[in-house]
Amino acid sequence: MSTIDLQSAVNTFLVEGRELAQDLEQGLLRIEQGHDPNDTELINAMFRAAHTIKGSAGIVGIDSLTRFTHSVESLLDRVRAGEPLLNGAMITQLLRCCDHIHRLLDLAEQGDTDGAAIADQESSLLAGLSSPSATASHAEARTQESVASASASAPAFTTSGFRQIGRASCRERV
């Protein structure tokens, strides 16, 4: 893939990645506002959003986003398997993770595909996915900090193309 084609794929992903992160966030907010946390359709949609962000970020070489979103995806996969993990503290932690995903997308757009500018925040967020109550106040303070300002054909990387990649992979697991 030429540099121009790769940049086009990255730009397409950045738009779609933001949309998918928003979809994930909206699902979490619905549960936080009283929607059934066992709604299989909603849980699967949130998982697919995280899964597609992770996979598509890997395709375009945004390693920080691939690595971070893998942990969010893994937790949502456990929820899909029936583990009752979506309590208030975990929803809050996952919403913080959505904020971090948005920041990683912003950094990638600026050329920082390693997420170096906010790497120190990542460990507390990931720890919170294991024990949100132990790290909630620390993660909240860190989350509010300001952030410094493989295919041969680019058409395969349209917005719907990324979503189709994620859906196809998820169907195998559902």
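Student: Which helix supplies the largest share of the lining of the second largest pocket?
Tutor: That share, three residues, comes from α2, where a helix is a DSSP run of H or I with at least four residues, numbered from the N terminus. The model is predicted, so local features need pLDDT of at least 70 and side-chain atom pairs 80 or more, while totals for chains, interfaces and linings use all residues. Residues are numbered from 1 along each chain, and side-chain values use heavy atoms, without hydrogens or water.

Student: How do I read the pocket itself?
Tutor: Rolling a probe the size of a water molecule over the atoms shows where empty space is left. Here the second largest pocket (an open set of 1 Å grid points for a 1.4 Å probe, with protein on both sides within 12 Å along at least five of seven lines) has a volume, the space filled by probe spheres set on the points, of about 170 Å³. Of its 13 lining residues, those with an atom within 4 Å of a point, Pro37, Asn38, Ile43, Val79 and Gly82 are closest to the centre. Both α2 (40-60) and α3 (63-80) supply at least two lining residues.

Student: How do α3 and α5 run relative to each other?
Tutor: Their axes, lines fitted to C-alpha atoms over the stretch in contact with angles from 0 to 180 degrees between N-to-C directions, come within 10 Å and cross at roughly 10°. The two helices are therefore roughly parallel (under 35 degrees). In the contact (heavy atoms within 4.5 Å), α3 contributes Arg67, Phe68, Ser71, Val72 and Leu75, and α5 contributes Glu122, Leu125, Leu126 and Leu129.

Student: Is Glu73 buried or exposed?
Tutor: Glu73, which lies in α3, is buried at 3% relative accessible area (under 20%, with a 1.4 Å probe and protein chains only). Its C-alpha atom is separated by 9.3 Å from that of Ile53, 20 residues apart along the chain.

Key:
Angles under 35 degrees count as roughly parallel, over 145 as roughly antiparallel, 65 to 115 as roughly perpendicular and the rest as oblique. Buried means under 20% relative accessible area, exposed over 50%, partly exposed in between (1.4 Å probe, protein chains only).
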